Amino acid sequence: MKNDDPPRGEAREEAILAATLELLTEVGYDRMTMDAIATRAHASKATIYRRWSGKAEMVVTAVGRHAGRAMAAQPDPGDLRADLLGTLRAMRDGLTEQDAGLLLGLMTAMHHDDELARTVRTQMIDDKRQAFDPVLDRARARGELPDGIDRTLLAELCSAMLFSRAFVTGEPLDDAFLAELVDHVLMPLLRHRAGEAKC
């Protein structure tokens with residue numbers, strides 16, 4: 001084995017998550033079974049259940065891992081505007097790398113699977129919120145923002161606008177749009193909230 005090869009356990013986990021994404025795209029969440037995932041990944045169901053409690057948790061991990069590859073820690077560019085743009089670009093890249101049918105199927109399944117909906121909301125939405133934590137922490141440390149900024153609102157607003165462009169309206173999700181979002185929506189919102197926090 002080469003030194004840069006992944007450990008066997010990590011490689012097995014990647015195979016299971018890849019099989020989960022493939023089957024989710026091919027047959028949808030409702031028709032996807034743990035047996036099918038195990039067969040596709042050449043893994044036992046016992047191995048799968050040692051890592052995940054059920055199908056919902058596996059799907060969220062697989063989709064989140066796929067999206068999260070673009071959301072690696074961003075370097076500090078030195079100011080809030082550039083930091084927001086860098087984070088939005090990473091979110092955009094993670095979103096557009098995913099299959100639209102996969103994500104829309106996941107959203108549809110959430111409407112009639114309470115376990116899946118609960119897991120998605122507690123894991124994926126938290127991940128999006130946490131993507132902005134370093135940005136806001138750095139801005140606070142530089143004196144650009146005070147304490148008490150509503151981080152959840154920022155994450156929900158950005159996620160909704162990016163998702164809408166990527167999968168609903170079909171309008172460009174390019175750097176020009178991201179700059180417009182930052183300059184005309186996010187910066188004014190954060191400045192307004194900063195003013196409220198100082199009062």
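**A chat about the model**

Modeller: I'll start with one detail: the side chain of Asp150 reaches the backbone nitrogen of Leu153 at 3.1 Å. That's a polar contact, meaning a pair of N or O atoms within 3.5 Å; within protein, one must be able to donate a hydrogen and the other to accept it, and residues adjacent in sequence count only if both atoms are side-chain atoms.

Colleague: OK, and what kind of model is this?
Modeller: This is a predicted model, where local features need pLDDT of at least 70, side-chain atom pairs count only at pLDDT 80 or more, and totals for chains, interfaces and linings use all residues. Residues are numbered from 1 along each chain as its sequence is written, and side-chain values use heavy atoms, with hydrogens and water left out.

Colleague: Where is Asp150 placed?
Modeller: Asp150 is in the loop between helix H8 (133-142) and helix H9 (151-169). Helices (H or I, at least four residues) and strands (E, at least two) are DSSP runs, numbered from the N terminus.

Colleague: How many helices and strands does the protein chain have?
Modeller: The protein chain has 10 helices and 0 strands.

Colleague: Back to Asp150, what is its relative accessible area?
Modeller: It's 34%, so Asp150 counts as partly exposed. Buried means under 20% relative accessible area, exposed over 50%, partly exposed in between (1.4 Å probe, protein chains only).

Colleague: Which residues of H8 are buried?
Modeller: Asp133, Val135, Leu136, Arg138 and Ala139. After H8 comes Gly143, with a positive phi near 85 degrees.

Colleague: Which residue other than glycine has a positive phi?
Modeller: His42 has one, near 55 degrees. His42 is found in the loop between helix H2 (34-41) and H3, and its relative accessibility is 73%, so His42 counts as exposed.

Colleague: What about Thr47, buried or exposed?
Modeller: Thr47 is buried, because its relative accessibility is 7%. This residue is in helix H3 (residues 45-51), and its side chain makes a polar contact with the side chain of Ser44 at 2.8 Å.

Colleague: And what is Thr47 in contact with, leaving aside its neighbours within four places in sequence?
Modeller: Arg12 and Ile16. Contact here means heavy atoms within 4.5 Å.

Colleague: Let's switch to the core. How many residues are in the largest nonpolar core?
Modeller: It has 56 residues, and those with the most contacts inside it are Ile37, Leu84, Leu88 and Leu162. The largest share of this core, 9 residues, comes from helix H10 (residues 175-198). A nonpolar core is a set of buried Ala, Val, Leu, Ile, Met, Phe, Trp, Tyr and Cys residues joined through side-chain atoms within 4.5 Å.

Colleague: What does Leu88 touch, not counting residues up to four places away in sequence?
Modeller: Phe132, Cys158, Leu162, Leu178, Leu181, Val182 and Leu186.

Colleague: One more, what sits over the ring of Tyr29?
Modeller: The charged end of Lys55, 4.4 Å from the ring's centre. The rule is that NZ of Lys or CZ of Arg is within 6 Å of the ring centre and within 35 degrees of the ring normal.

Colleague: And how much of the protein chain is buried?
Modeller: Of its 199 residues, 38% count as buried.
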